[in-house]
Amino acid sequence: MLTSSKSNITYDKKNLDSKILLQLYANMLKPRMVEEKMLILLRQGKISKWFSGIGQEAISVGVTMALNKEEYILPMHRNLGVFTTRKVPLNRLFSQWQGKANGFTKGRDRSFHFGTQEYNIVGMISHLGPQLGVADGIALASVLKHKNQVTAVFTGEGGTSEGDFHEALNVASVWHLPVIFCIENNGYGLSTPTDEQYNCKDLADRGKGYGMESFIIDGNNVVDVYSKISKLAESIRKRPRPILVEFKTFRMRGHEEASGTKYVPEQLMTEWAKKDPVRNFEVYLKEQKILTEKEDTILRDNILNEINENLQLAYDEEEITPNVTNELNDLFKPFNYQEVNPSSKTNELRFIDAISEGLKQSMQRHKDLVIMGQDIAEYGGVFKITEGFVEEFGNDRVRNTPICESAIVEAGMGLSIAGMKAVVEMQFADFVSSGFNPIVNYLAKSYYRWNQNADVVVRMPCGAGVAAGPFHSQTNEAWFTKTPGLKVVYPAFPYDAKGLLATAINDPNPVLYFEHKALYRSIRQDVPKDYYTLPFGKASLLKEGNAVTIITYGAGVHWALEALDKNPDIQADLLDLRTLQPLDTEAIFNSVRKTGKAIILQEDSLFGGIASDISALIMEECFEALDAPVKRVASLETPIPFVKQLEDQYLAKGRFETVLKELLEY
Ligand SMILES: Cc1ncc(C[n+]2csc(CCOP(=O)(O)OP(=O)(O)O)c2C)c(N)n1
Ligand SMILES: [Mg+2]
């Protein structure tokens, strides 16, 4: 602790006027005093968890004050100073931490896991790294809309070890995005010291590897933080580019309060205590006669009153009463589906052409729609779906990306936060595993958590039957139908593919759009030339019959059609689900109640697939109408083999007809 009346930090205030210096001080004092109060409440069990930013306030405050208030900041778990400097009302913060409705997440998420468009703050998800790619998306929107704005995003030094860090910095550099990447190097990531986290001298050195300028700033010196970041921000607004800043600082308390600091050498604590950013600045301001004792006392009294009054407001607020309908209603942003009817003029199109045409017409309709993916620009994508798009829409809106699925999904999220739309093309659906985290944790949960929709469609060229082996053949829809907050579309015909893609892009929620590669060039249909939409959640009844209900989607639809063609005597209802989330349960139940028998055909391997859930639903809802056990036909429980005879053996297709006949004879 600094006890002397001389500051241990050398401040170079240059031409900063006293008003700014006093604001910097007051803005640091507030989070410090709020935290001191929170630590008491934590001990009393009144808040659930606390990640302390004590000792790091100069960074949050200096960066926030250097930015304009309409510029986005993406803070982490120790950046209370960002929220208080942006003047987020304390009562709302207190309600948030106590899980009350007046917080920012209606009790659905804790601590700093929220954002607020009102204050242009985008809070973190627990996984740390995804913030960095989201900042890229926001910055991209700023460039595309010619806003000349900077985006600042934070990470701890521990978070820099995540792949997201590398991906986000690389994308920002390649795309010249106006992002300030702020590393708060506070010596530890939970209990891990820096020498177990990375093996270079300074993290700022990494900037060079990404082709970006980087700087080291004393994170405990608020004047340095503010003046240097102000200068950098000014320069980036004029000439958009990313910059990496490493703030040297120290974490003065445990990772979170309960975990303590036993592993931190005493001497380090003592040394850094001498560099306390708030106390040193106070001493300096008094030394310089910029702040009097009396003014300081008044300031502290005012902050304390503000804290107490706002705490009372939060205490007085009622506890949340659980209500299932409210929870379910907040899973997706309400979407008012607009039916656009197809024109009578049609063209015969292959499945792939229908997708391409649908995408193109949506690009024409939505000027703020950006598509991103590997090799999608001049090359036209590996399947040539975006061939000719660059010529029509330009490279700003048709973006080749580095190989970095996470950062691109995150950038899509950022575009959505900034009010734009994104379509992300996975080169193959298999590769979505490299972008899985932001899809299931960021996109899927964002609206439920803090009312921020993710207006992103992820295109998924999927499926087997093309002798492509284990990593280019998967149909992984079950990874996503399992996750609340995602919509999943899976057309089987060109007409549906075009209309459903248009709806997916109109829908402000995250949509996984599966397009089966084996259908691309094998399935043709007359498709309306103009733009049209089709509703989600409506299965199509392709054939009608009283003996059995066949439920399927994607390539399965064509397998079933083939089997029925071969066996014209089988009287079956054939349901093509078209969308899996939402699922047309009504169509399923109506048909099964009529036929009394159900068989579900799925291309994915059996266990944990959607066929199992549909089977369970039928059992629960139609038990009395059933004349036989519900049958599921799916692929083998193995990876997908390459060689044709093994792949044929793997696929459900070869077993479907036999099982169907067995069921009919039951
Ligand atoms: C993907 C992921 N892995 C692990 C964790 C657990 N975790 C949360 S914070 C943290 C340490 C982060 O260290 P650093 O980035 O240096 O930030 P600091 O806490 O020091 O501010 C860890 C390991 C997590 N939240 N997410
Ligand atoms: Mg750290």
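**View 1. Gln149 and the residues it touches.** Leaving out residues up to four places away in sequence, Gln149 touches Glu70, Glu71, Ser142 and Pro178, where contact means heavy atoms within 4.5 Å. Gln149 belongs to the loop between helix 5 (130-144) and strand 2 (151-156); helices (H or I, at least four residues) and strands (E, at least two) are DSSP runs, numbered from the N terminus. With a relative accessible area of 16%, Gln149 is buried; buried means under 20% relative accessible area, exposed over 50%, and partly exposed in between (1.4 Å probe, protein chains only). Please keep in mind that this is a predicted model, in which local features need pLDDT of at least 70 and side-chain atom pairs count only at pLDDT 80 or more, while totals for chains, interfaces and linings use all residues. Residues are numbered from 1 along each chain as its sequence is written, chains are lettered from A and ligands numbered from 1 in the order in which they are written, and side-chain values use heavy atoms, with hydrogens and water left out.

**View 2. Tyr119 and Lys87, on either side of helix 4.** Tyr119 sits in the loop between helix 4 and helix 5, and at 15% relative accessibility Tyr119 counts as buried. Lys87 is placed in the loop between helix 3 (80-85) and helix 4 (90-97). In contrast to Tyr119, which is buried, Lys87 is exposed, at 58% relative accessibility. Look at its backbone too: Lys87 has a positive phi of about 65°, although it is not a glycine.

**View 3. Helix 1 against helix 2.** Two packed helices are described by the angle between their axes and the distance between the axes. Helix 1 (residues 18-43) and helix 2 (residues 57-66) pack at an angle of about 130°, with axes 9 Å apart. That angle makes helix 1 oblique to helix 2. Axes are lines fitted to C-alpha atoms, for helices over the stretch in contact, and angles run from 0 to 180 degrees between N-to-C directions. Angles under 35 degrees count as roughly parallel, over 145 as roughly antiparallel, 65 to 115 as roughly perpendicular and the rest as oblique. The crossing of helix 1 and helix 2 is right-handed; a crossing is right-handed if the near helix is turned clockwise from the far one by less than a right angle, and left-handed if anticlockwise. Helix 1 brings Ile20, Gln23, Leu24, Asn27, Met28, Pro31 and Arg32 to the contact, and helix 2 brings Glu57, Ala58, Val61, Gly62 and Met65. These residues divide into seven nonpolar, three polar and two charged (Ala, Val, Leu, Ile, Met, Phe, Trp, Tyr, Cys and Pro count as nonpolar, Asp, Glu, Lys and Arg as charged, and the others, Gly among them, as polar).

**View 4. Helix 1 against helix 11.** Helix 1 also packs with helix 11 (residues 293-316), at an angle of about 45° and with axes 10 Å apart. The two are therefore oblique to each other, and helix 1 passes helix 11 in a right-handed crossing. On helix 1, the residues in contact include Tyr25, Leu29, Met33 and Leu41; on helix 11, they include Leu299, Ile303, Ile307 and Tyr315. The residues of this contact divide into twelve nonpolar, one polar and five charged.

**View 5. Glu477, a buried loop residue.** Glu477 lies in the loop between strand 12 (456-462) and helix 17 (478-481). With a relative accessible area of 2%, Glu477 is buried. The side chains of Glu477 and Tyr553 are joined by a polar contact of 2.6 Å (a pair of N or O atoms within 3.5 Å; within protein, one must be able to donate a hydrogen and the other to accept it, and residues adjacent in sequence count only if both atoms are side-chain atoms). Leaving aside neighbours within four places in sequence, Glu477 is in contact with Val488, Tyr490, Phe514, Tyr553, Leu580 and Asp604.

**View 6. The buried residues of helix 24.** Phe656, Glu657, Val659, Leu660 and Leu663 are the buried residues of helix 24 (residues 653-665). They pack against strand 17 (548-552), helix 20 (555-566), strand 20 (598-605) and strand 21 (631-635).
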